[in-house]
Amino acid sequence: MKELIDKLEKEKNLSKEEFISLLKINKEEDIRYLNKKAKNVRDNIYGKKIFIRGLIEISNYCKNDCYYCGIRRSNNKAQRYRLTKNQILDCCKEGYNIGFRTFVMQGGEDAYFTDDVMVDIISEIKKNYPDCAITLSLGERSTESYRKLKKAGADRYLLRHETFNNKHYNKLHPKELDPENRKRCLRDLKKLGFQTGTGIMVGSPYQSTENIADDLIFIKELDPEMIGIGPFISHKDTPFNDFENGTMESTLILISILRLLCPYALIPATTALGTINPKGREKGILAGANVIMPNLSPKEDRKKYMLYNNKLSDGEESVEGLNKLKKSMLNIGYEIVVDKGDYIKIKNNY
């Protein structure tokens, strides 16, 4: 197994069969070796810096009906909300004053947030905070829509592909959602110059090791600037409420593999990882992640953006817990920095 890990570090790629073998890693000694390799690669490129993103969950209305998601259209138990422009600007103001230099606007696919509405919000944020990056995570849109958002000042876009395998995709989503359109969106985003992020749920229903190997091959081909992965966590009001959750251990292994596969990527230790284990965030950093996304959303709305059961939105996951978060990072040898935290484009000697 160590030979495979060394090969991945050196060549930054493996065959599908080799990925499948590596994904079956189970000896503690081998896992520690993988984590250490990934951590060293991240440290060689980004040092001991951990970048923070201010997460603003702008709406939990969604036109889609994905089988795993708590804010799916059919969930009539969800408490719906939608932030106004002024609420979003207030979140940015609070975040900027305490050191955030990236704002992430995330939401369901809400028809209210048209191109004109989003262009107005993005332009205002850029005018007020020209030294900040704007990341969007608003789902599938047209090529022209993405072009308008980029022109308005959006810098990055997160859109998990969820799974490369179309048959698996169709088991997770209703038939009106097309996996090929999702891939089209990602390729459009790259062509338009967005720092582009993709990713998967680890341990999602019906997922096989072969599926994950295909995901790794796709991610390498796409060459995203950001890769977001987290364990699948079920939601009580979805068709997948009885499915077993993904594990922290599998997620950490994948973070390390992705760090060796795409050494320069910005990889978050996600909220889902912190939800599934109290030390998940720290373990994610030690496995090779280098981004954390505390929640800047209004307190009264955070609990409503419930994508999965028991989703964290307070404590160290919130803006109010930033000092605790800084201490927890210092305790494992890392430092949260005031920085946009851009993808490194000029590659160093690594």
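User: Is helix 10 largely enclosed or exposed, and why?
Analyst: This is a predicted model, and in it helix 10 is largely enclosed by the rest of the structure, because 12 of its 14 residues are buried.

User: Which residues of helix 10 are buried?
Analyst: The buried ones are M248, T251, L252, I253, L254, I255, S256, I257, L258, R259, L260 and L261.

User: What span should helix 10 have, and what does the model show?
Analyst: Helix 10 covers residues 248-261, and at 1.5 Å a residue those 14 residues should span 20 Å. The end C-alpha atoms are 20 Å apart, so the two values agree.

User: What about the nonpolar core? Which residues touch the most other members?
Analyst: The largest nonpolar core has 103 residues, and M105, M118, I125 and L136 touch the most other members. Helix 10 comes up again here: it supplies the largest share of this core, nine residues. As background, nonpolar side chains tend to be buried together in soluble globular proteins.

User: Let's zoom in on M105. What does it touch?
Analyst: Leaving out residues up to four places away in sequence, M105 touches I56, I58, I88, M118, I121, I122, I125, I134, T135, L136, S137 and L138.

User: New topic: how do helix 8 and helix 9 pack, at what angle and how far apart are their axes?
Analyst: Helix 8 (residues 179-191) and helix 9 (residues 209-222) pack at an angle of about 25°, and their axes are 11 Å apart. Angles under 35 degrees count as roughly parallel, so helix 8 is roughly parallel to helix 9.

User: Which residues make that contact?
Analyst: From helix 8 there are K183, L186, R187 and K190, and from helix 9 there are F218, E221 and L222. By class, the contact has three nonpolar, no polar and four charged residues.

User: One more thing, backbone angles. What is the phi of E162, and where is E162 found?
Analyst: Phi of E162 is near 70°, a positive value in a residue other than glycine. Most residues other than glycine have a negative phi. E162 is found in the loop between strand 5 (156-158) and helix 7 (166-172), and it is buried, with a relative accessible area of 7%.

User: And Y206, where does it lie?
Analyst: Y206 lies in the loop between strand 7 (201-202) and helix 9. Its phi is positive too, about 70°, although Y206 is not a glycine.

User: Is Y206 buried or partly exposed?
Analyst: Y206 is partly exposed, with a relative accessible area of 45%.

Methods: Residues are numbered from 1 along each chain as its sequence is written. This is a predicted model: local features need pLDDT of at least 70, side-chain atom pairs count only at pLDDT 80 or more; totals for chains, interfaces and linings use all residues. Side-chain values use heavy atoms; hydrogens and water are left out. Helices (H or I, at least four residues) and strands (E, at least two) are DSSP runs, numbered from the N terminus. The expected span of a helix is 1.5 Å times one less than its number of residues. Buried means under 20% relative accessible area, exposed over 50%, partly exposed in between (1.4 Å probe, protein chains only). Axes are lines fitted to C-alpha atoms, for helices over the stretch in contact, and angles run from 0 to 180 degrees between N-to-C directions. Angles under 35 degrees count as roughly parallel, over 145 as roughly antiparallel, 65 to 115 as roughly perpendicular and the rest as oblique. Contact means heavy atoms within 4.5 Å. Ala, Val, Leu, Ile, Met, Phe, Trp, Tyr, Cys and Pro count as nonpolar, Asp, Glu, Lys and Arg as charged, and the others, Gly among them, as polar. A nonpolar core is a set of buried Ala, Val, Leu, Ile, Met, Phe, Trp, Tyr and Cys residues joined through side-chain atoms within 4.5 Å.
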